[in-house]
Each structure stands twice: as C-alpha cells, then as structure tokens.
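Here are my notes for you, written as numbered points. Keep the picture open while you read and find each residue as it comes up.

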Amino acid sequence: MTSPSLVNLRVENLRGAVSPFILDFEKGRKLTIVYGENGTGKSTISDALDLLGNGNVGSLDRRGVGGTTRTYWPSVGKAHTDVKVVLETSAGTCTLSLGKKTAVVDNEQFKPQVDVLRRSQVLSLIAAQPAERYKEISKFVDVSGVEASETALRRLIDNKQSEYETATTRLGANKEAIENFWAQAGCPAPDAFTWAQSEIQKDQKELDLRKAAIDGLLSCWDKVASHPDKLERLNEQVELAKTALRVSKEKFNEITSDATDDYLEVLGILKAAQLHFAQHPHPEVCPLCESAEKAEGLVEEVNRRIQAQGLHSKLDTAKEAVANAERTVQMSTQRLEDFRGDASSDFESLENYCADTKAIFDLDIPSFPIPSGDDQWKDWLDAHKAKREGWKQAADACVDSKNFIETLRRSLNDYKESETVAKDLVAVLPRLREVLAIVERERKQYTDEILAVISTRVGELYEKIHPGEGLKKIVLALNAARRGSLDIATEFAGKAGTPPQAYFSDSHLDTLGLCVFLALAERENPETKILVLDDVLGSVDEPHVERVIGLIYDISQQFQHAIVTTHYRPWREKFRWGILKPDQVCQFVELRHWSFGDGITLTGSTPEITRLKALLATPDPDVQAITGKAGVILEAILDFLTLKYGCAVPRNPRNAYVLSDLLNAVNGKLLNALSVESVGEDDNGDQVIIPFPIRPILDELKAIAQARNVLGAHFNALSFELYPEDGIRFARLVEQLSDALICPDHGWPTKDTGSYWKNGGDTRRLHPLRKPS
C-alpha cells in the first residue's frame, strides 16, 4: 500500500511562526531540503512536525528552561490556544490544536508517524551515559511490553519471597506458642501438637453454660447485697418524715395558742370586708352600719387591721405544713413496706437459684435459710460476701479456658497454614525465577539480534561516509551487568571493543550518531514515517559532508517523506549549479531572515541555468547580464569536463584562470570523442536515447568566446563594435550545452558505470569514460 504524499504544512503561532506559515510540498518529491541561515525558523518547521506526530517541541529539550518547556511553545505574546499545526496529505488533513494542558488532534487517522533527529540528540546517541543512550533508542527498539512483564514478574518474585519469609517466621512463632501452652499443661504425651489437636476438639458449650450459671449467681447476689443499705436509708427517711410531722404540728399548736378568743371571728369579718372592697374600692357608706361618717379611709383601715394581726397567713402556712408532713410520712412508710416485700423476694430468688442450679454446686455458696428479720440481713450478707470473689474467679476461669482453646486453635491453624504456604512457595519460587531468567534471556536475545542487525546497518551507512577508514565495525550491545544500559563500541587500530568516544573526532561521532539514528528509523515501516533531520551537519567536514548528503538522499526514499533542515551553504550552492543531485529528485526550499513582523518566509533557490533561461526569455534582454551569466555557467561546465578527464589547465590555489584556458584544454582526441546521450521515454514507455555531440558547440563557443569577455565580463571599447546578437548567440550555445549535459532533475553525470559517466537517474550519459590516449 502506497503511503499518502504530503501536500502542505501550515503552522500558526508556534515558536517562530508569528505569522501563518505554509510550506507546500512538490508532487513526486519525497525529499524536502529546507535551507536557511541560523535564526530563519528551520527548527520551528521541525517542531511543528514533532508536535503533530509526537506531542513535543523537541528543540527546547536540553535548553535549560526547566522541566516544563510547554510554557514556551506558543509564539511570543500568544496563548497555547492560538497554536495550530495542519498537515494536508493526499489522503486527508490532520489538525493539531493546543489547549491549556493538552493537545487535540482532529482526524486522528491521518496523524503522521514522525521521527526527528536534532543536532542536540546526535551526541546523546553516542556520547551519553549507557542508560541515557538506551532511553534514546528504546522508542525504536520497543520491548517495553516485555520489560513491563519482567518488572511485574520480578515484583511477584519479591512478593512471594517476602511471603515465604513471613510464613517461616510465623511458623516458628506458632510452634513456640504451642509448645509453651503444652509445657503449661504439664507436657502430656505423646507430643505438643497431638495434645493441641485434642484440646481444640473439646466441646466449649459446657464452659459457656457454667459461665452463664455463675453469672446468674453473681446477678442474684448483687441484687441483695445492697438491700441492707437501702433498708437503712428508707428507715431513716421514715423517721425524718415523722420528725417533720411532729415539728409541723407543734408549730401549728403554737400559733393557735397565741391568737385571742375573738380573733378568728373578727378575722373572718375583716377578710369578708376585704373581699367586698376589692369589688367596690370607693364605698360612700359603711357596708355594716350604712353610716357615711367613717366611710372615708374605711378600706385602708380594714387592710391595716388584717395586717396588724399577722396571724392569719402563719396559721394557713402551718396547716399546709402539717398536711404535707402527714403525706410524706405515709409515702415513706409505704416505700419501706414495698421494699421489704421486694427484698424478701430477692432473697428467696437467691436461695432458690442456689438450690436449683447444678452447675454451681461445686462452688462455695451461702448457707440458707436467710434470716426472716430485716435487721439480720446485713450480718448474714457480711458473713458470705467474701465468697463472691471466688465466684467471679470461677467465671473468669471459664472465659480464660475458652480463650486459651481459641488461642491454641488459632496458633495450630496458623501453623498449618504457614507450613502449607511455605511448602508451596518452596516449590513455586524456583519456577518463577526460572521463568524470569527465560524471559530476560529471550528479551536480551531478541534485543541483541535486533541490535546486531542495526549494528551491521550502522556499519554499512558509516562506511558510505567514511570509506576505507576501517571504522565500520560498530557494535551496539546491552550491558549484561546493568539493566537498561546500552554500550557502543568499534574497532580502532586493530583493537576491538573500543568506545568510539575515546578516539573519534567530533565529526566522526556526529556522523556515527546520524548513522545510528537512520538505522533505527528505517527499521520498522519507514514508508509510513516522516523523517526529520534538523540541522544535523554541524561539525561534519569536507569531503564527508558530501557523502552524508548523498547518504541522506539515498536513505530518504524509503520514508513516506524526508525533511532536512540545514544551514550548510555549499549544499545550497551545489543545488543551484546542479552539481549535487540524488538518484531521486528533491525539493529545495530556502528561508529568508526571520523578523517579528513577517515571521518565517520563503525565498527561491533558483538554479543558475534557470536564471539564464529567464534572462533570455525577457522581451528586452540585458546582453551584459546574459553574457555574464552564460560565461559563469560555461566555466562551471568546462571545469567539470577538465577535472573529469584530467585535462591540462594552468591552475593555482585561487583558480585564477580565464575562459580561453578552459576551452583550449578540451582538445584533440577527447574533443572528438566527447558526446552526451539524453535518455528518456516515448509515449509508449519505451526508452529513447538521443545522442548529442559536444565538439560542434565547443568549436562555435571558441569562435565567439570573446563576446563574453567584451560584453559580459569587462568594460571594453570593442563592445561598441560588436552586435548584441553575438552575446545572445553565445548564451544560447551555453544553454544548449547545459541542457545536453545537465538534467534539471538528476543533475550532472558523475557516476562511473565502467563504460561511461551517468547521473543519478540515468537520464544523461557522458562518453568517453576515460580521456583517449
């Protein structure tokens, strides 16, 4: 199944994308090179794809901005909710929007797989500690499920070992407890565990019945034990009530004896008058004699005389006190009689309980009958109260016996359970450890096999960059002594197992890290992945950089798409001159300088021959510009030919030679033999080869080469005498030669086939292979 091709990438308010940025991908080109000087926004493009595919903005990692880099994802002055990344493919569109805490991806089925390598990660793959290196590659060699199972199994073994130790500890403790109980029982034959088993079989109902019987005796006793005290209190209450009655009567008699003989009669008349005046407060005449003489002040006089006597209220109070005291005597006397009846019944119940309850016959119970006189109850109770402690101890003994048997039962059961658990774990633990060893061995073997394949592939890739340097024997292997650690080694100066960090230059380590990453990234379904290489050519030197570029060209075709960001200027220039072309075509994008106003913007990287064609196509051509551009292109072509065939050209460190030197260097048999074949297809898909001899063009160019110097390179009065058509003709010949030799898609014929030179797409074939002798 063919993976969908990329159409465009849109980035808004992420990092350097302060204005909406759109990168359109050219159809049919699976490699996109994004060139830009430092600070043009290259990493923002990588960040956008990283965020969309992996939910992270990796350019901020290891930047020292703290553990949470999410704060700095939005462009300056923008919120997280303003960030948006949209990737359109031939299959559909996937959109990522940021929330305050999460990222939301629409059309999840179109979300890409993205592998990103940045300059900061290259050394992490090589120079980091083994544990960090393992972490870097773990996402490519994913055995996380197996490792999780190992962790769970290891935790299970630890738990089972702890259970075994607990079981053996409990086994010893319970054995010691049972033997102590056995010793307390007098060590009956035959042994402690046989005795314990027989003890727990005993019926405990008898203990429960005896305990209940003794508790009943204690209850009956406790009821009567307090009766003498209560009887004494009730007798005292009766005596107090009688005393109070006697005092009340004496008080009443005293008041009565103090009154005059006619007091009660007069008092009655006065109180009747007082009641009358309460209804008639302003009498005009005396109600008795009907005289008006003394009517004034009569009411006040009646009230005064009643108050003056003062005995009437005392008399009433005394009568009421006597009545209350009589009721109190009656009630306290009744309570005393009721209590005597109840107490007699309680004593009778105690006597009957002791006589009828067989379970307590062995106890020291009171002697009966109980004295009939209540004044003898206390003496009888005092004579027997010491026995109650014996009954309580007998009841507690029942509880202790029951608890002992229960404790003995628990100890015996715990012992048996611990013994069973210990035996089971003795059998299980070795098997679990064996399983863990198998899982670890299989996981390590599986990982080692993968790493061996990767190591071989890393060596192959590394040899393409460093051919013949003897550094291809790369070994990636898990550290057997430390889990989750990855060692990397190579052969150096005939010594195997050498860490490359000890002897390799930074350039070698960088390319090694790149090779490790590429080998990992291409391992599983690369056709479904977008490969992003963010400025990884930092310290790579010439001529290795051209080999790295060629390697990137080659390997990128395996992926759904590859995007390479770089600030390596020779790459840009060689693209413009068509010198550096892969077997597959690529898209070259150039970024302008970044600004707060415009953000990330694109500019063109136009090949020089395309610029010449544009100049020739203008309605009013600039002859000087045309001849100048054509002369530069011709020099580049002649430089290529003279170097390819080893022609004699006067060279110096500054390459300060003239066009005629290069033209004259291509001569003799070589000039006659030079030809180019343009290879293509017709409408039926059949191969078509069109030959193109080089000599006719070079001969004509030699004839009019002066036009370039006069019209395009220098100020010269001779230019006044030349026709502009000579300059145009010169440029057209250079255009023809360039079109014949250089394919716009696949570049120059630089590959040795053994018979001729060809370009990457085999669309141009240069003959001969060697300079004729």
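The points below go from strands to salt bridges and then to a surface patch.

1. Some ground rules. This is a predicted model, in which local features need pLDDT of at least 70, side-chain atom pairs count only at pLDDT 80 or more, and totals for chains, interfaces and linings use all residues. Residues are numbered from 1 along each chain as its sequence is written, and side-chain values use heavy atoms, with hydrogens and water left out.

2. Let's begin with β4 (residues 84–89) and β5 (residues 93–98), which run antiparallel and are joined by 5 bridges. Helices (H or I, at least four residues) and strands (E, at least two) are DSSP runs, numbered from the N terminus, and two strands pair if DSSP finds at least two bridges between them. To get your bearings, look for Glu-88, which sits opposite Thr-93 in β5. The two strands make a hairpin, with 3 residues between them.

3. Strand β5 has another partner to look at: β6 (residues 103–106), joined to β5 by 4 bridges, again antiparallel. Here Leu-98 is opposite Ala-103 in β6, and the hairpin formed by β5 and β6 has 4 residues between the strands.

4. Now find β7 (residues 113–118). Is this strand largely enclosed or open? It is largely enclosed by the rest of the structure, because 5 of its 6 residues are buried. Buried means under 20% relative accessible area, exposed means over 50%, and partly exposed is in between (1.4 Å probe, protein chains only). Strand β7 pairs with β11 (residues 529–534) in the parallel sense, over 6 bridges, and Val-116 is opposite Val-532 in β11.

5. On to charges. Side chains of opposite charge can pair when their charged atoms come close. A salt bridge here is a side-chain nitrogen of Lys or Arg within 4 Å of a carboxyl oxygen of Asp or Glu, and the whole structure has 35 of them.

6. One of these salt bridges pairs Arg-118 with Asp-47, with the closest N and O atoms 2.8 Å apart. Since Arg-118 lies in β7 and Asp-47 in helix α1 (residues 42–54), the pair ties together parts that are 71 residues apart in sequence. Arg-118 is buried, at 4% relative accessibility, and Asp-47 is buried too, at 1%.

7. Next, have a look at Glu-608 and Lys-629, which form a salt bridge whose closest N and O atoms are 2.6 Å apart. The pair links distant parts of the chain, 21 residues apart: Glu-608 is in helix α17 (residues 608–616) and Lys-629 in helix α18 (residues 623–645). Glu-608 is buried at 4%, while Lys-629 is partly exposed at 22%.

8. Helix α17 also holds Lys-613, whose link to Glu-735 in helix α22 (residues 724–741) spans 122 residues. Lys-613 is partly exposed at 30% relative accessibility, whereas Glu-735 is buried at 13%.

9. Last, the surface. Which residues form a negative surface patch? They are Glu-681, Asp-682, Asp-683 and Asp-686. Patch residues have over 30% relative accessible area and no salt bridge, with like charges joined within 9 Å. Glu-681 belongs to strand β15 (residues 675–681) and counts as exposed, at 65% relative accessibility.

Note on methods: Patch = residues over 30% accessible without salt bridge, like charges linked within 9 Å, V, L, I, M, F, W, Y side chains within 5 Å. Areas by Shrake-Rupley, 256 points an atom, 1.4 Å probe, with all protein chains shown as cover. Lys, Arg positive; Asp, Glu negative; His and termini not counted. Charge placed at Lys NZ, Arg CZ, Asp CG, Glu CD.
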